[in-house]
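Thanks for coming, everyone. Let me put the structure up, and then we can walk through it together.

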Amino acid sequence: MGLRKDFLWGGAIAANQVEGAWDTDGKGLSVADVATYKPNVDVKDYRKQVGVTMSGIEQAIQDTDTKYYPKRRGIDFYHRYPEDLELFHEMGFKTLRLSIAWTRIFPTGEESEPNQAGLDYYKAMFNKMHKLGIEPIVTLSHYEMPLALATKYNGWEDRKVIDLFVRFCKTCFVAYKDDVKYWLTFNEIDSVTRHPFTSAGIIPDQTDNLLQVEYQAFHHQFVASAMVTKACHEIIPGSQVGCMLTKLTDYPNSSDPRDVLASFNENTMNYFPADVQVFGEYPALVLNYFKKQKIHIDMTSADLDILKKNTVDFVTFSYYMSLVSSYDENNLTLTTGNTIVGGKNPHLPVTEWGWTVDPVGLRISLLQLYDRYHKPLMIVENGMGAKDELTADHQIHDDYRIKYFRTHFKEMIKAVDAGVDLLGYTSWAPIDLVSASTSQMSKRYGFIYVDEDDLGNGSLKRYRKDSFAWYQKVIKTNGIDL
Ligand code: BG6
C-alpha cells in the first residue's frame, strides 16, 4: 500500500523559535521573548530554565539584549526566509508548518487595528512558498501569545482573551484566505498543565489555585478553538482546521493491573483536550476528575453549544517519546523530555537530553489516534535534538539523525499499511532553531545546520547536513527508499 501519492512531506517550525527580529516592524513582546537561556543548568531538568515569576518578567522587559534571550534573535528567519525556503524546496518539501506570531499582527493583543507590516510580512512569505510549491500549514498559537495579555489578564485564565484571539485569527483568515488552506489552532494544547506560562500566559506566582486556573484556561482555549474553527470555515470555504496534541504514549510498567490502570489514567488525561476538540464535549471521566479535585470551571451552556457544533476536521500531533507509568512511583526511574517527566522504559535508549527513543511507539500512537478519532491524521512534529559537529570543511555527519528518522518512518508506513489515514509528516525541525524548553541552539534538530551558538555567536550561515540529502531522497521516493 504505502503512503498516499499526495502525502505532505515537509518540516515544522514556530515563529518565536526562528524569526528573531523581536522588536522589528512594530512587533510586540511575546511570552517567548522573556524566556531566558541559562548556561549552567542541567538540561535534563528544564523546569529550572523556564520557571517563571512576575519579577523575572519585569526584569526581562527592562533588558534589551538578546544574549540570554535567544528567542529574540532566533536564526534570523525573519530576514533569511527566502534562502531557507529555497533550501526546503531543494529537499523537495510539499509543505511547511509554521506559525504566525500574534504579536506581529496585534503587538499587545488589544490594538483596534492590525499592524500592516506584520500582515505584509507573512503575505510575502506565503507568496514565496506558493512559488516554490510548498503548501503552508499554519499554527495560530505556538507558545507565543502577547506578553501584555499574560501580565494584564494572567493569560488564558481570563475569558476576555477568547475574543482577542478570535479577532486575531479572523484577521489572518481574511488576509490569507487565498494562501492558506490548513490551519491549526493551539500547538500542543495539552501542555497547559506542564508549562502554564509558555502555553497559556499563566504566571504561577500570581495565581492562587494553579490547577483550577490551568483547567479554566484549557476551557477558554477549547471555546476559542471552536469559534475559530467556525470562522475559518465561513471565511475560507474548503479550509481544514486541526487540533494539535502532544502524543505522550504511555505504557504500563508491568502487567500488574494496578500499573495498567495507572497508565490508562495517564493516557486519558493526555487525550482529553483532543477529545473535546474532536467529539465536541468533555469526556465523563475527566468531568468526574474535576469534581474529585474540586475544580470548578466556569462553563456556560453557550460554550457547550459552541464546542458541540464546531469540531475539528483533522487531528495532528507531535510525537517524540513514550513513557511508562506505575501505581507506585518508587517502581520507576524517571527520565525527561523537553517539558515532560515520566517513567523510563528499560527496553529503550534515551538521547543526551533524556528523551526515550521509541519508533514503534509512533506506530502505536498512530493506531491509537486513528482508532479513537476516525479522523485523518497528520504528524506535525517528530525529531531528535542532538549535538552536531561542523567539520573544518563544513560537513555535518549526522548518521544518528538519519537512523532516528529511518526507524520512525518504517513504523509510520506500517501504520499506514494497517489502515491509518495519514495526510502528511512534518519533521521538527528541518533547520536548527532555538529550543522551546531550554532556549539552546546546541540542541540541534535540523537537516540544515545554522552556524550560531547558545549565546548568539556565529555567522548564521546555513550548511546542509548529511541528513539533508537523505531526506531529499525519502521525499523523492515517497518513503520507499529509506
Ligand atoms: C514541542 C514544541 O514540544 O517540542 C516545539 O511544540 C519544540 O516548539 C519541540 O521546539 C522540541 O522541544 P525543545 O524543547 O527541544 O525545543
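Start with the helices: α8 passes α10 in a right-handed crossing. Keep in mind that this is a predicted model.

Where are these two? Helix α8 covers residues 160–175. Helix α10 covers residues 210–235. Their axes come within 9 Å of each other and cross at roughly 25°. An angle under 35 degrees counts as roughly parallel, so that is what we call α8 and α10.

Now, which residues meet? On the α8 side we have V161, I162, F165, V166, C169, K170, F173 and V174. On the α10 side, they meet H220, V223, A224, M227, V228, A231, C232 and I235. How does this contact divide by residue class? The residues of the contact of α8 with α10 are 14 nonpolar, one polar and one charged.

Next, the strands under α10. This helix lies across β3, β4 and β5. β3 is residues 135–141. Against β4, the helix α10 runs at about 160°.

Look at β4 and β5 themselves. β4 spans residues 182–186, and β5 spans residues 240–246. They pair in the parallel sense, over three bridges.

Zoom out. What do these strands belong to? A closed barrel of eight strands, with parallel pairing. The order is β1-β2-β3-β4-β5-β7-β11-β12. Neighbouring strands of this sheet are turned by 25° against each other on average, direction ignored.

Strands of a sheet pair through backbone hydrogen bonds, either parallel or antiparallel. In this barrel, the pairing is parallel.

Note on methods: Residues are numbered from 1 along each chain as its sequence is written. This is a predicted model: local features need pLDDT of at least 70, side-chain atom pairs count only at pLDDT 80 or more; totals for chains, interfaces and linings use all residues. Two strands pair if DSSP finds at least two bridges between them. Helices (H or I, at least four residues) and strands (E, at least two) are DSSP runs, numbered from the N terminus. Axes are lines fitted to C-alpha atoms, for helices over the stretch in contact, and angles run from 0 to 180 degrees between N-to-C directions. Two residues are in contact if their C-beta atoms, placed from the backbone, lie within 7 Å. Angles under 35 degrees count as roughly parallel, over 145 as roughly antiparallel, 65 to 115 as roughly perpendicular and the rest as oblique. A crossing is left-handed if the near helix is turned anticlockwise from the far one by less than a right angle, and right-handed if clockwise. Ala, Val, Leu, Ile, Met, Phe, Trp, Tyr, Cys and Pro count as nonpolar, Asp, Glu, Lys and Arg as charged, and the others, Gly among them, as polar.
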